[in-house]
Amino acid sequence: MDHIVETSEGSIAVPSPDHRWTVLFFITEPGIGEVLPELAGCTTGLCSVRDAAARFARADARVLGVSAHTPDHLSAFAKERNLGYPLVGDSQLTLGRAVGAPEVRVGDRILFSRSAAIVDRSGEVRALLHPIPDPSQHAALVLDELDRLTG
């Protein structure tokens with residue numbers, strides 16, 4: 001699997017050629033919890049990743065947030081939250097479907113369910129984590145899986 005994706009910070013290769021791992025954090029939609037409380041937690045999950053940046057760096061992991069939106073829709077959100085990593089606008093669901101990310105229908109829209117994919121440098125999906133019941137643990141669950149994979 002090789003993709004060039006559009007992000008809130010420009011075009012990026014997935015998987016990252018410069019990292020051992022590429023971690024894709026799939027979210028439904030920033031702020032959707034205000035409309036549909038059962039899908040709340042996107043901001044919490046993405047911020048948990050931001051707060052664990054040093055641990056992801058030590059694991060040689062490139063972190064990307066992924067949502068079924070256009071990159072321009074996500075840029076302001078990424079800046080407001082000072083995420084420190086890009087958000088992929090996968091409005092055609094191409095990247096998510098390539099790694100098997102679960103989807104959820106919201107009205108007439110298809111969005112991603114909260115999940116994460118760990119991809120190695122060769123493009124092989126080494127882990128797909130779903131469900132993520134507690135958004136505040138999104139980063140911790142992935143870090144535990146990275147420890148297991150590298151163990």
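This is a predicted model: local features need pLDDT of at least 70, side-chain atom pairs count only at pLDDT 80 or more; totals for chains, interfaces and linings use all residues.

Biologist: Which strands pair with E4, and in which sense?

Modeller: In a regular strand the side chains alternate between the two faces of the sheet. Here strand E3 (residues 21-26) pairs with E4 in the parallel sense over six bridges, with Thr22 standing opposite Arg62. E4 also pairs in the parallel sense with strand E5 (residues 87-89), over three bridges, and there Val66 stands opposite Val88.

Biologist: Why is strand E4 described as largely enclosed?

Modeller: A residue counts as buried when its relative accessible area is under 20%. Six of the seven residues of E4 (residues 61-67) are buried, so the strand is largely enclosed by the rest of the structure.

Biologist: How many residues does the largest nonpolar core have, and which have the most contacts inside it?

Modeller: That core has 27 residues, and among those with the most contacts inside it are Phe25, Phe56, Ile118 and Leu146. E3, E4 and H5 are among the elements that each supply at least two of its residues, and the largest share, five residues, comes from H5. Leu146 touches residues including Trp21, Val23, Phe56 and Ile118. A second, separate core of 18 residues includes Val5, Leu93, Val99 and Val119.

Biologist: Is His138 buried or exposed?

Modeller: His138, which lies in helix H5 (residues 138-150), has 1% relative accessibility and therefore counts as buried. Among the residues that His138 touches are Phe25, Phe26, Ser48, Arg114 and Ile132.

Conventions. Residues are numbered from 1 along each chain as its sequence is written. Side-chain values use heavy atoms; hydrogens and water are left out. Helices (H or I, at least four residues) and strands (E, at least two) are DSSP runs, numbered from the N terminus. Buried means under 20% relative accessible area, exposed over 50%, partly exposed in between (1.4 Å probe, protein chains only). Contact means heavy atoms within 4.5 Å. Two strands pair if DSSP finds at least two bridges between them. A nonpolar core is a set of buried Ala, Val, Leu, Ile, Met, Phe, Trp, Tyr and Cys residues joined through side-chain atoms within 4.5 Å. Lists of a residue's contacts leave out its neighbours within four places in sequence.
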